[in-house]
Amino acid sequence: QIDAVRVYVNSSSENLRYPVLFVVRQQKGVLSWQVPLIFRGLYQRTYNYQEVSRTLCPSEPTPETRPSDQIIFVDVASMAPFNIAYELLVTKLENFQLETNKAFNFTASPSQPQYFLYKFPQDVDSVIINVVSDAAYPCSVVSVQDIVCPVYDLDHNVEFNGVYQSMTKQAAITVQRKDFPGEQFFVVFVIKPEDYACGGSVPSSIHENVNRTWNLQRTKNLQVTIVPSIKKSVYVQAMFFSFLSFLSFYLGSVVVAFVHYVRVQRKASAGRLSPEHGSGMMASSHPISASTPEGSSYGAIDESSSSGGRQLPSPEPRPPAGSDTDSSVEEESDFDTMPEIESDKNIIRTKVFLYLSDLSRKDRRIVSKKYKIYFWNIITIAVFYALPVIQLVITYQTVVNVTGNQDICYYNFLCAHPLGVLSAFNNILSNVGHMMLGFLFLLIVLRRDILHHRAMEMKDTYTLDYGIPKHFGLFYAMGIALMMEGVLSACYHVCPNYSNFQFDTSFMYMIAGLCMLKLYQTRHPDINASAYSAYASFAVVISLAVLGVVFGKNDMWFWVIFSMIHVLASLALSTQIYYMGRFKIDGPDSDMGIFRRAVMVLYTDCIQQCSRPMYMDRMVLLIVGNLVNWSFAIFGLVYRPRDFASYILGIFICNLLLYLAFYIIMKLRSSEKLLPIPMFCIVATAVVWAAALYFFFQTLSSWEETPAESREKNRPCILLGFFDDHDVWHFLSAAALFFSFLVLLTLDDDLDTVRRDKIPVF
């Protein structure tokens with residue numbers, strides 16, 4: 001048992017020129033202070049206190065002294081030319097040592113800090129110090145320091161030693177036995193003279209006279225409870241749970257692939273299907289001969305009538321499917337294999353009723369190369385993005401470990417389990433699902449790609465002229481993006497804060513954008529955006545997200561500019577979608593030509609055909625889409641949400657869901673079917689996303705507030721005693737994204753036996 005002594009002094013004098021000096025000499029240290037005790041705040045504001053109470057550094061009993069014997073010298077002095085009255089009281093602390101699982105209540109103030117001793121029990125390797133208070137203010141600091149004298153227990157020096165957090169209503173610090181060789185430590189509680197560090201404001205009267213001193217009564221009632229943390233076995237269980245949960249997806253995929261293989265083999269042995277094809281099959285006695293050129297138009301609409309009697313030339317026959325050449329001419333042709341009928345694109349793509357054969361006329365090999373650029377570009381982006389990110393977060397973690405400042409990172413401290421140098425290993429481990437499911441999706445896409453190439457090598461004609469054109473570049477890019485989301489989210493959660501928030505969201509923007517591009521590419525393979533323009537657009541979005549976090553809180557001008565950009569971008573994109581990329585602002589050679597063109601388009605498309613647009617389905621989609629985006633713009637302009645990054649992500653997700661819903665509705669409206677696998681994936685996506693979003697909105701911390709205010713949102717673990725709500729969001733969102741990708745991959749498998757001139761475009 002270690003005893004501690006507390007010294008209380010009081011002086012009625014407010015004369016700052018002649019303070020009373022108190023010096024306490026002990027066996028191993030000297031402690032001194034003055035009365036009035038002066039604290040300094042912002043802008044050199046000063047606060048003086050006439051009552052001071054300090055706990056003296058305790059000393060363990062030695063063989064020469066009895067346990068309760070301590071020799072203390074107290075020197076009192078002042079340079080004042082007159083007498084100053086003071087009061088001195090020395091008391092023995094009865095409850096200096098904190099006990100495990102037992103709450104202890106006490107009171108502290110800026111001039112009367114408190115600290116207590118804690119010793120690790122024999123069977124405990126890690127503990128969590130929970131501190132709570134009913135009142136948010138005054139702002140306080142909780143510090144854990146080694147058994148060293150002197151103890152730093154004043155506002156100006158509490159940060160000199162150990163680990164510390166600022167606090168309003170709640171604080172939690174995880175302490176490990178290995179960090180304290182003596183297997184004991186001090187828990188120090190300091191009340192700050194001002195509240196600005198915790199998000200509070202400086203008293204308004206201080207602004208009137210910054211040189212005036214105040215004797216503010218700032219006391220705070222606190223309760224501290226030290227509880228054992230989890231054991232090492234829980235770490236092992238959590239890791240097994242994380243990996244086995246997502247390995248079950250691999251097992252399920254193997255089972256589905258095996259069942260599909262067995263079915264194909266059975267049908268192939270009956271002579272009805274080709275065993276080489278991986279998604280959908282057709283009868284071997286199909287009437288189309290093997291010499292039919294890929295991409296030929298089958299005349300779903302009388303093109304002569306659509307073009308006013310003009311006969312469209314047919315595309316020239318292409319090389320056999322299996323002969324992939326890599327000529328520089330192909331790569332430098334901007335992937336356009338129809339230069340001789342450039343003028344006919346306007347006729348084909350502006351027909352009232354479009355079919356897939358109208359928009360899949362380019363050479364398959366060249367278009368596939370175009371979409372593979374998405375894959376190679378995102379790998380390049382990922383490498384250049386991830387390397388400095390990893391280096392930065394390692395630096396952040398090192399700074400936290402060296403300085404002990406736990407206000408740098410916004411963890412959920414009630415469920416932050418350290419491992420090695422990492423302060424919150426659970427938040428990092430929970431991102432393993434993104435990486436494992438992203439890799440699994442790449443394997444699924446690779447299997448389909450291989451099966452498709454086998455069919456092409458066998459010159460399977462229906463593969464050329466039937467079903468949705470098989471371009472896998474965007475799918476590969478989506479798989480890489482999902483893996484990188486896991487990597488960067490893990491990096492962000494090494495030390496989540498204001499400076500690195502974009503690590504967690506950048507690839508979410510890219511995933512949403514790639515999904516929309518893939519959905520559009522499905523029935524518009526010839527006119528989809530290039531990889532360069534797509535990634536440039538994502539870069540603009542990420543830049544806007546950063547600017548929004550920096551300027552979006554209080555600057556109205558930013559929201560006005562952003563809302564204008566949002567609305568104009570929506571209109572420009574809608575125009576390109578409505579006219580299938582064939583809308584051009586050009587006209588006569590005169591300078592007024594551009595305006596005449598705009599007026600003509602406005603009159604013919606918006607006034608003459610107001611009651612019945614030429615492309616009704618597209619018009620309905622674009623009207624709804626623009627209303628949604630304009631609503632987002634107005635909402636942002638009026639309310640100016642603080643979490644700008646999530647606001648941008650919400651715009652992307654709403655547009656993606658709107659387009660996916662439109663696509664599925666139009667698919668069913670066109671009498672197309674949803675096969676069991678895509679139907680299962682759609683239902684799984686909806687259910688898992690709903691569950692994931694529930695946990696996402698359980699806010700456990702917020703770097704938009706001060707660290708102390710953020711800790712008010714901290715909550716205990718909810719899964720295995722190791723994972724919190726946000727970790728569950730990581731698990732579920734990874735599964736939801738995986739199922740979402742499978743929806744896009746399998747949605748049109750029912751069309752593999754349908755001729756392209758029978759597949760409508762919408």
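Analyst: Glu 672 and Arg 523 meet through their side chains in a salt bridge, with N and O 2.7 Å apart. The two residues come from distant parts of the chain, 149 residues apart. Arg 523 belongs to helix H10, which covers residues 502-523. Glu 672 sits in the loop between helix H15 (644-669) and helix H16 (676-696). The model is predicted, so these values describe a prediction.

Is this pair buried or exposed? Glu 672 is buried, at 9% relative accessible area. Arg 523 is buried too, at 0%. Buried here means under 20% relative accessible area.

A network of salt bridges links Arg 523, Lys 667, Glu 672, Asp 748 and Asp 750. Lys 667 also has a part in the packing of two helices, as one of the H15 residues that touch H10.

Now to that packing. The axes of H10 and H15 come within 10 Å. They cross at roughly 20°. An angle under 35 degrees counts as roughly parallel, and H10 and H15 are therefore roughly parallel to each other. Their crossing is left-handed.

Which residues make the contact between H10 and H15? From H10 come Thr 505, Met 508, Tyr 509, Ala 512, Gly 513, Cys 515, Met 516, Leu 519, Tyr 520, Thr 522 and Arg 523. From H15 come Ala 645, Ile 648, Leu 649, Phe 652, Asn 655, Leu 656, Tyr 659, Leu 660, Tyr 663 and Lys 667. By class, the contact has 15 nonpolar, four polar and two charged residues.

Ser 671 is exposed, with 67% relative accessibility. Glu 672, in that loop as well, is buried at 9%.

Next, follow the chain past H16. Ser 702 is in the loop between H16 and helix H17 (707-711). Ser 702 is buried, with a relative accessible area of 14%. Leaving out residues up to four places away in sequence, Ser 702 touches Tyr 410 and Ser 710.

Then comes the loop between H17 and H18, where Leu 720 is found. Leu 720 has a positive phi of about 60° and is not a glycine. At 41% relative accessible area, Leu 720 is partly exposed.

Helix H18 covers residues 725-746 and holds Val 728. Val 728 is buried, at 11% relative accessible area. Which residues does Val 728 contact, leaving aside neighbours within four places in sequence? They are Phe 695, Ile 718 and Leu 719. The C-alpha atoms of Val 728 and Asn 431 are 9.8 Å apart, though 297 residues separate the two along the chain.

Back to salt bridges, for context. The model has 15 of them. Another one joins Arg 25 and Asp 75, whose closest N and O atoms are 3.1 Å apart. Arg 25 lies in strand S2 (residues 20-25) and Asp 75 in strand S7 (residues 73-77), so this pair ties together parts that are 50 residues apart in sequence. Arg 25 is partly exposed, with 35% relative accessible area. Asp 75 is partly exposed as well, at 33%.

A further bridge pairs the side chains of Glu 183 and Arg 177, at 2.9 Å from N to O. Glu 183 is partly exposed, at 34% relative accessibility. Arg 177 is buried, at 13%.

Val 35 and Pro 36 are joined by a cis peptide bond, with omega about 0°. Pro 36 is in the loop between strand S3 (30-35) and strand S4 (37-40). A cis peptide bond also joins Tyr 137 and Pro 138, with omega about 10°. Pro 138 lies in the loop between strand S11 (126-132) and strand S12 (140-145).

Technical notes:
Residues numbered from 1 in each chain as written. Predicted model: local features only at pLDDT ≥ 70, side-chain atom pairs only at ≥ 80, totals over all residues. Heavy atoms only, no water. Salt bridge = Lys/Arg side-chain N within 4 Å of Asp/Glu carboxyl O. Helix = DSSP H or I, 4+ residues; strand = E, 2+ residues; numbered from the N terminus. Buried < 20%, exposed > 50% of the residue type's maximum accessible area, 1.4 Å probe, protein only. Axes fitted to C-alpha atoms, helices over the stretch in contact; angles between N-to-C directions. Parallel < 35°, antiparallel > 145°, perpendicular 65-115°, else oblique. Left-handed = near helix turned anticlockwise from the far one by under 90°. Contact = heavy atoms within 4.5 Å. Nonpolar A, V, L, I, M, F, W, Y, C, P; charged D, E, K, R; others polar.
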